[in-house]
Amino acid sequence: MSTSSETRGTKAQGKITYENQKNLGSLPIPELTSTLEKYLRIVKPLQDPESHEKTQKAVQDFADSGEGTKLQEMLKSYGDGKSNYIEEFWSDAYLVPECSPVLNLNPFFLLEEGPDNKNNSDQAGRAASLVFASLKFASLLYNEMLHPDVVKGTPLCMSQFRHIFGSCRVPVQGDKDYVATDPCSKHVVVMCRSQIYYFKALNEDGTVGIDEEGVKQVIKAVLTDSQRLDARSATEGALGVLTTQERSKWALTRQNLLAHSEHNKNTLDIIDSGLFVLVLDDFIPKNIHEAAANVLHGNYNLATDEKAGDFQVGTATNRWYDKLQLIVMKDGSAGVNFEHSAVDGHTALRYVSDIFADTVVSFAQSITKTIYSKGHVPSILQASVDTKQGLDSKPKRLEFELPTSVIAQIHFSETIHGDQILQSHTHVLEFKDFGKMFITGNQMSPDSFVQMSIILAYYRLYGEFVCAYEPVLMKRFLHGRTEAMRSATPKGKEFVECWCSDYSTKADKIQHLRDAVSEHSKFVKEAAGGGGVDRHLFGLKSIAKEKGLETPGLFNDGGWQTLNHTVLSTSNCGNPSLRLFGFGPVVPDGYGIGYIIRDSGLQFSISSKHRQTERFANTLAGYLKEVKSFLGGDEKIAVRRHRGTNVGSMRIPMVIDSPKNKTKVAADTHGGVPQYAEEGFDDIYGESSHGALMGGVKRRPTLSVEKLDMVGIDVIVNGNHKSRKIEGEGGGEGEGASNGN
C-alpha cells in the first residue's frame, strides 16, 4: 500500500484534538450587582439625561424588588451541571430568527493570493490546492489528530470544530432550526453554474483518498459538464437559492421537495452531509469591492430572453448558505462563506489559516525537493494520503425531481434575494499609511485604537454617538463562544466630542484618544475574564422566558432597546492568510465592519443598506491620516558617509527604559528612538501559526461527470460506458447545534 504521511511529536499517532477539553473551566456567572453597575456604565453614553434616569429606575426596581435576585438564582440552578450556562440560549439566538442567513448572519473571508503564480489565475488549480488542503484538515479532525488551539500558553475550547465539516443548518416548519452534523462525512459537494455535484474524498479510515491532481481532474470535469445546460435552464433549477429564503418559507419548500419523492430525500441527504461545498463561480471581479461582495452574497447579473424576459445569470444562485462554502472565482480569487450558528470567526480562521499555509508550504516543498531530502520543509497538516484503497472519487451530478411549487419558489427566492443584493453596498478600505507597529509604537492597543477610529468616523459623518459592538473571544472557557464589548464607552464619547471640536488643542485630542483607548482595553480584559454584561443579562432574560415568567421591566426599558440596536457591528479577525473579513449590518440603519490589523496596514470591509458606505470609508481614512499627522510619522533610517571608523568598536549595549506595563528591551544601537515591546493580547481573535503537507502529483485521465439517478449511475470514463448500483449515502443529525455568536 502506498501512502504519504508525516508525524510530529510523540502524540502524533494518538488522539490529541480534544485533549485539553477536560482542563477548561466553566464560564462563570457574574455577580448581579456588578453586572447592573456595568450595564448603567455602558448604556449612559448612548442616552440623554432623561432617558438614562428612566433606565436607572428600571435597574433599581429590578434589584430592589427581588426579581433580579430570583432570576439570578434560577440561572445558577439552570447552569449547574452544564458546560456553559449561556450555550443553549445563545444557540437559540441564531436558530430562532426568521431572517435569511445571507447578509444577516453568515460572515466571509477573502483569501490572499497563493504563492504559486501558476495557480493564482487558474480556477481549477487554485480550487484543487485549497480543496486538497481542506481534505487534510478534515482528515486530521476525523482522526482527532489536529493540534488543539493554544494562545500564549492558554488552551482554547475545540468543541466548535465538531461542526465545521459535515454540518448543515436545517429549517423546521413551526419550530427553530437545528444544525445536523454527520461525523462520518467523507464527500465534497460542488456547485457550478447553479448545478450540484459531489465526489468522495476520504477513505473509510478517514485518510485522504485522492491527491491534488486527482481533485483538479474532478474540478475540470465538473466545469466541463456544467456547460451542458443553457443559462436559463440552469437558473430555473437553481435549488441552492432556496437557502436565501426566510427560514419558515425554506422549511415549507424543503418539506414539499422531500415529500415529492424518495429520490429527492436521498439527494438532499448527500448535500446536507457533505464535508463542505466547493463553489466554482463563473465570475471575474473588476475590483476588490466586487470580490468582497461576491463572497458575501453573490453577484447580481440579469440576462434577457426575448420570449421569457429577464433571468438571473449571476453567482447569486450558485450558493448553499446552510453549509460551509469554499468559493473560487474564475480568475482564481478565493474566499469562504460560513454558516455562523455553530461556528465563530476564530474557528473558521484556524481552518482558513491552515489550508492557506498548506499551499504555501507545498510551494516551498516543490522548490526545495530537488535540493534537499524530503521533509526539509516540515508540514503541520500531517494527514495521511492513501490513493491505493480504491476510492471511487469520480464526480457525480445531483439532479432533483422538482414539483411545480418548488420551481416557482426558486424563481421567487432569486428575485427577493436580488432585491437584497441591490439594497446592499460593500466597500473596501485598504489603508496602508500605518498599522500595528505604528500604533504600538505610540503605546496604544491596536484593536482599541481601531475601535475608537470607527466610532469617531461615524460621529464626524453623522454627529451621533451610537451603539457599537465587538465580539470578545471566550474560548478559554468550556464551550465558550463570545462576549460583547460595547465600544461606545464613556471615555469614547468624550474622545469623539473633543476631537471634533474646533476649540480642542492637539494635545487635548491626543490625550482624550489615549484615555479612550485605555478604557476600551480595560473593558475588553474584564469581558474576556468572564466579567461581561451582555451575555449575563441575556441569560437572565432567557431564563425568565424558559420558566414561563413575564419579561422583567428592565428588558422593556429604552436602555435595553438602545443597547441592542447595534448601528456599528464590528469585528477584528484575521492574519496574513486573509485579505478581507466581513459581514452585513445587523440592523437596517447599521454598518457591518470587519477589519484586519496588519503590521503596516489596516484592512476594512464595510457593508450597509442604503447608507453612504463609501463616504463612511473615506471619513474613516481621513481620520486615520489625521491622527498619524498628530502622533508623528514613521521614523526614517538615514544613510551617512562611512568615515573609516571600526564599526565593531562602536557597539553600545543599551537597555531601553520602558513605561509601566511595558517590557524592557535590550539593544545595540548607534542612537535612535526607544522601542517598546508591549505586553498583553491585543487581538480579539488572536493569531495561530500552522502549516501543511503537499505531496507530489501525477497526470490522470480526463474525467467525465456521472449522472446520479434513482436506480444506478451511468459512468463515462475515457469514452467507456459502465454502470453500477447506488451505494447509500446520507447524513444523520449528529450532535445537533452548537451555539452561535
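This is a predicted model: local features need pLDDT of at least 70, side-chain atom pairs count only at pLDDT 80 or more; totals for chains, interfaces and linings use all residues.

Student: How do helices α6 and α12 pack?

Tutor: Two packed helices are described by the angle between their axes and the distance between the axes. Axes are lines fitted to C-alpha atoms, for helices over the stretch in contact, and angles run from 0 to 180 degrees between N-to-C directions. Helices are DSSP runs (H or I, at least four residues), numbered from the N terminus. Here α6 (residues 123–142) and α12 (residues 345–368) pack at about 120 degrees, with axes 9 Å apart.

Student: Which residues make the contact?

Tutor: Contact means heavy atoms within 4.5 Å. R126, L130 and F137 are among the residues of α6, and Y351, D354 and F356 are among those of α12.

Student: What is an aromatic pair?

Tutor: Rings of Phe, Tyr and Trp (its six-membered ring) pair if their centres lie within 6.5 Å; planes under 30 degrees apart count as stacked, over 60 as edge-to-face and the rest as tilted. The structure holds 27 such pairs. F495 and Y623 are edge-to-face, at 6.4 Å centre to centre and 70 degrees between planes. F495 lies in α16 and Y623 in α20, so the pair ties together parts 128 residues apart in sequence.

Student: Are F495 and Y623 buried or exposed?

Tutor: Both F495 and Y623 are buried (under 20% relative accessible area, 1.4 Å probe, protein chains only). Elsewhere, ring pairs link F137, F161, F165, F276 and Y351 into a cluster.

How values were computed
Residues are numbered from 1 along each chain as its sequence is written. Side-chain values use heavy atoms; hydrogens and water are left out. Helices (H or I, at least four residues) and strands (E, at least two) are DSSP runs, numbered from the N terminus. Buried means under 20% relative accessible area, exposed over 50%, partly exposed in between (1.4 Å probe, protein chains only).
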